[in-house]
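Here is a short briefing to read with the sequence and the model side by side.

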Amino acid sequence: FKKGIALALVATTAFTFAPVANLGTPVVAEAAAAKTIDATVASGTVTYTGAPVTVSGLITGDTYTVSADNTNSYVTVTVPTADVEAVGSGNVSSTSGANTIFTTDDTHKTITFKLKNTATSISLDFAQNQPGNTLATVTNTATNVAVTSVEVKVADKSANTFQTNGAADLNLAASFADIDALGQKYLKFDADSVANVTLAAATFFTKDWKDDTVGAVAKYELSSDNAGVLNVVDGSNAAGTAKFELGQAGSANLTILAKDATGKEVAKATIPVVVEQASTNITKVSFSNVATNGKTVLVSATGVTNTDLTSTDYQYKDADKTYAVAGTAGYADATTIALDTLVDKTAQLYVVSKTGNVTYSTNNTNVATVDANGLITAVGKGTAEITVLAAQSNTYKLQEAKVRVTVSDASADYITAKVDGSEVNDTDAPVNIDTASSTAANAVKSAQIVPASAAGNTEFIYSLYQANKTTAVAGNGNDDITLTAAGVVTAGTVTSDKTYMVKISTKKNGNIAGGEKWVKVVVNTKPADTLEVEKEITLNLKDKNTYTLAPVAGNKNAVFTYKNDPDGTKGQSAGTITLSSNRIFAQRIGSTRVKVTEVATATTRETSKYVTVNVVSEAAKKVSDLIVTNNAIVLEAGKTATLGATATNPITYTSSDESVVTVVDGTVTAVKAGTANITVTAASSDTMDAATVTVPVVVTTPAKPVVVAKPAKVTGVKVTNVKGAKVKVSFKKDAKAAGYVVTYKV
């Protein structure tokens, strides 16, 4: 090895290096500084002050290129014919007297030539093609170094009439034209709108880019530098038309280019555009309550025009207290939401806002309150004003609307009725019982009608009538049906389906008059099929806005129909959802019912059940019930411990450092000394939030056992009395001893 090093050193020192100074100073080729020509344009003429430019100092016999970075200007190179030789086939050249003239054009942007004889210079000149800057560069191909460059700047002198006539030149309303602080006109629009533009093509441009009369224009091109504010659609055509899609508030520049048949610029205009927040944020305010019987009725709100109308929106006629589809002659938006303290105690307010962020407040909580979802609740007699605020955004301004609410005392009792927990009435929710002769296993031959009084009455009067509600059944019974004083209806024997009406009445209670309720009862010849369907579902507008109903019938070949059928007595509204067959789509906050009907067959009658559908803004979730009993752990390496975590939702475990501690299914295993954290997470669900608990873990090294050596005997021990009770102990020293233990026994 040493020998190898020695040889290497000898070999290394055998080299001879020339001193650096002997190499001389390296030469770095640099391009000459660019020359700038600011051309002037007037009356159709472009004047290049300082051109032609003589480029000297070139080397005879070398090859050069002259290149233009674009075709705004054509570059010409003039050299005596005897002193130049074209190189390659990509040159465009001509002769003029004793000179050869090379020229760039739309397809040839580079000239290549070789100087000969004694030539050391060339002449550069320019011919303008369209406005803009052009950089011409002369390069020696042998060194690939730019000898010089010349930049030509030509301004666009085209003029348009916009600054004089304003938006009229775009066939826009004159109100769109404004003047900024510098006196410059600009276009102003509202966000989230559309404007159709048509240039006054014959007169929009009064001068072309050369400050001359505008020639033939083959095409106009309208474009924007900020599509989020101003998006130009279909803006490239001969007619100068376009559609402006105005997005969020902000500013943009609208560029209008006029081009000739070859695609070259004839004229150009740049117009500032300002898009302001749209003032119309709220587009519709409506409500539903008991009085509207499930209809969504438009209400007049200050500062709002109801425009976003659908076929489920209704208007009100004050004269006869009736409702009709919005737009029906003689009907108008309700001027107030009328409630009472007994029956019609709540109203659901619906607000359509562009931003979708709406808050509600009341000016009189003694009369009416309103919750975060727009549910108004009557408190006491009087008048209140509900304020609706739609939040601002980049596109829309903050908008306020006020809705009037009047609360009165109820004048008459209001009665509801149920059978087996389901509400019944005289229209779409009858009491169905089976003929007494039915042998079906699921036959129901009697039913108990259970009424409830809003006025607190407990005494009810039951009367049986024919289906026309005018002809009473003597004695509340016949061969078809009987009605007891307790409200129990029992079927007789019928050979065809029979319909009767039960009137439930209450007497006056204090200042509240008695009320009445009609219930339809049908005695059927065919039994109902068994039908099971969801009783109630809740959707939200955030992440659970659809649901598919899945009814199950005894008849495996059952056919079902579905209907959005709100209960007006509960303030439900059909506009809460849309329905496509058995698929429910949440539309807005509120509630409704879906009627699920099994079509009648030869052996079973039509059978229906209702599904209540509630729509909220977003799902209300419970706090997680995650519990971790062992919330801090100290372990020796190699030992285990249990976290003791429990939760309704699935639990996962992670270790911050698996080289220190691992965790599997809640069991912690110490690996080596150190610290780490175990993260215990209970997953989220539709009804419960996620939760996380962090458990610190300290892992220690096992203590080593202390081994105590057996004491060795010492030699040469002597004990002599010194004085009184004192003694002197002496012994031979042991070099290996760590210490000595002396005991004294009496």
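Two rings of Phe, Tyr or Trp (for Trp, the six-membered ring) count as a pair if their centres lie within 6.5 Å. In this predicted model, such pairs link Tyr 64, Phe 102 and Phe 113 into a cluster.

**Aromatic pairs**

- A pair of aromatic rings is described by how far apart the centres are and by the angle of the planes.
- Tyr 48 and Phe 126 make a tilted pair, with 6.0 Å from centre to centre and 45 degrees between the planes.
- Tyr 48 sits in the loop between strand S3 (45–47) and strand S4 (53–55), while Phe 126 belongs to strand S11 (residues 122–128), so this pair ties together parts that are 78 residues apart in sequence.
- Both partners are on the buried side of the cut-off: Tyr 48 has a relative accessible area of 12%, and Phe 126 has a relative accessibility of 7%.
- Tyr 465 and Trp 518 are an edge-to-face pair, because their planes stand at 70 degrees, with the ring centres 5.1 Å apart.
- This pair, too, links distant parts of the chain: Tyr 465 is in strand S41 (residues 461–466) and Trp 518 in strand S45, 53 residues apart.
- Tyr 465 is buried at 15% relative accessible area, and Trp 518 is buried at 14%.

**Charges over rings**

- The charged end of Arg 593 is placed over the ring of Tyr 610, 3.9 Å from the ring's centre.
- Lys 295 has its charged end over the ring of Tyr 314, at 5.6 Å from the centre of that ring.

**The largest pocket**

- The largest pocket holds about 1500 Å³ of space.
- Its lining is made up of 39 residues, and those nearest the centre are Ser 422, Pro 430, Ser 608, Lys 609 and Tyr 610.
- Several strands supply at least two lining residues each, including S36 (415–419), S45 (516–524) and S53 (590–598).
- Strand S54 (607–616) is also on that list, and S54 gives the most to the lining, with 5 residues.
- Sorted by class, the lining has 17 charged, 12 nonpolar and 10 polar residues.

**The second largest pocket**

- About 470 Å³ of space lies in the second largest pocket.
- It is lined by 25 residues, with Tyr 316, Lys 321, Tyr 323, Thr 336 and Ala 338 closest to the centre.
- Strands S25 (282–289), S27 (313–317), S29 (337–340) and S35 (399–408) each give two or more residues to this lining.
- S29 gives the most here, with 3 residues.
- The lining of this pocket has 10 nonpolar, 8 polar and 7 charged residues.

**Around Thr 139**

- Thr 139 lies in strand S12 (residues 132–140).
- Is Thr 139 buried or exposed? Thr 139 is buried, because its relative accessible area is 12%, and buried means under 20%.
- Leaving aside residues up to four places away in sequence, Thr 139 touches Thr 63, Tyr 64, Thr 65, Asn 144, Val 145, Ala 146 and Val 147.
- One of these contacts, Tyr 64, also belongs to the ring cluster with Phe 102 and Phe 113.

Key
Residues numbered from 1 in each chain as written. Predicted model: local features only at pLDDT ≥ 70, side-chain atom pairs only at ≥ 80, totals over all residues. Heavy atoms only, no water. 1 Å grid on protein atoms, 1.4 Å probe; cavity = no way out; pocket = protein on both sides within 12 Å on 5 of 7 lines; lining within 4 Å. Points joined across faces, edges and corners; volume = space filled by probe spheres on them. Helix = DSSP H or I, 4+ residues; strand = E, 2+ residues; numbered from the N terminus. Nonpolar A, V, L, I, M, F, W, Y, C, P; charged D, E, K, R; others polar. Phe/Tyr/Trp six-rings, centres within 6.5 Å; stacked < 30°, edge-to-face > 60°. Buried < 20%, exposed > 50% of the residue type's maximum accessible area, 1.4 Å probe, protein only. Lys NZ or Arg CZ within 6 Å of the ring centre and 35° of its normal. Contact = heavy atoms within 4.5 Å.
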